[in-house]
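The stops below go from a helix to a sheet.

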Amino acid sequence: MDLTTGTVFIRTGVAGSAARMGHRLVIAVDDWSATVDLRRGKPTAVRLRASLRSLRVESGRGGITPLTPVDKQVIVRNAAKVLDAAHHPEVTFSGEVTGGYEVSGDLTIHGVTRPLTAAVDVADGRAQAHIPVLQTDFGVKPYSLMLGQLKVEDEVTVDLDVELP
């Protein structure tokens with residue numbers, strides 16, 4: 001079963017002594033796809049692909065000034081640089097559905113693969129997951145400026161909200 005309707009968001013926090021100057025971002029991944037294998041109507045395996053070339057700043061909260069369209073372009077450009085999207089343009093996940101709606105498998109970011117287990121909530125024709133990811137686990141150095149006084153927190157959260165057919 002192919003899943004193509006829904007949203008994939010990356011939520012970031014800010015850290016450092018100048019953290020109040022930064023924005024807590026919601027970054028959309030516009031180009032993604034997921035496939036779920038079924039056996040007797042029950043999910044058994046999941047595959048997800050997300051293109052880092054399709055990142056878009058959905059919103060930003062906090063900060064000293066509101067985000068402008070130019071700020072959003074700069075943020076996307078910086079994210080692509082930090083993630084080295086030119087060499088590693090996709091994030092992938094491949095896993096099995098274990099007990100209930102828990103998924104265990106391999107997540108690949110920045111060319112580094114690590115095991116991941118995530119709970120998935122299924123209700124009202126939707127599948128939702130909130131997955132914390134440490135950037136440094138995948139060889140990604142979180143974006144920073146002002147000699148590290150303002151930086152993106154290492155842990156980001158990937159929020160999936162997918163409509164089930």
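Buried here means under 20% relative accessible area, exposed over 50%, and partly exposed in between, with a 1.4 Å probe and protein chains only. This is a predicted model, in which local features need pLDDT of at least 70, side-chain atom pairs count only at pLDDT 80 or more, and totals for chains, interfaces and linings use all residues. Residues are numbered from 1 along each chain as its sequence is written, and side-chain values use heavy atoms, with hydrogens and water left out.

Helices (H or I, at least four residues) and strands (E, at least two) are DSSP runs, numbered from the N terminus.

Select residues 69-82, helix α1.

Next, colour I75, N78 and A79, which are buried in α1. They lie on the same side of α1 because they cover an arc of only 100° around the axis, taken from the directions from the helix axis to the C-beta atoms. Show β4 (23-29) and β7 (55-62) as well: the buried residues of α1 pack against both.

Turn to the face of α1 directed away from its buried side; the exposed residues there are P69, V70, Q73, R77 and K81. After α1, pick D84, which has a positive phi, near 50°.

Now display the open sheet, six antiparallel strands in the order β1-β5-β6-β8-β9-β10. Strands pair if DSSP finds at least two bridges between them. β1 (2-3) and β10 (112-119) are the edge strands, each pairing on one side only.

Finally, select β9 (residues 102-109), which runs antiparallel to β10 and is joined to it by eight bridges. E102 has A119 of β10 as its bridge partner.

Technical notes
Expected span 1.5 Å × (residues − 1). Contact = heavy atoms within 4.5 Å.
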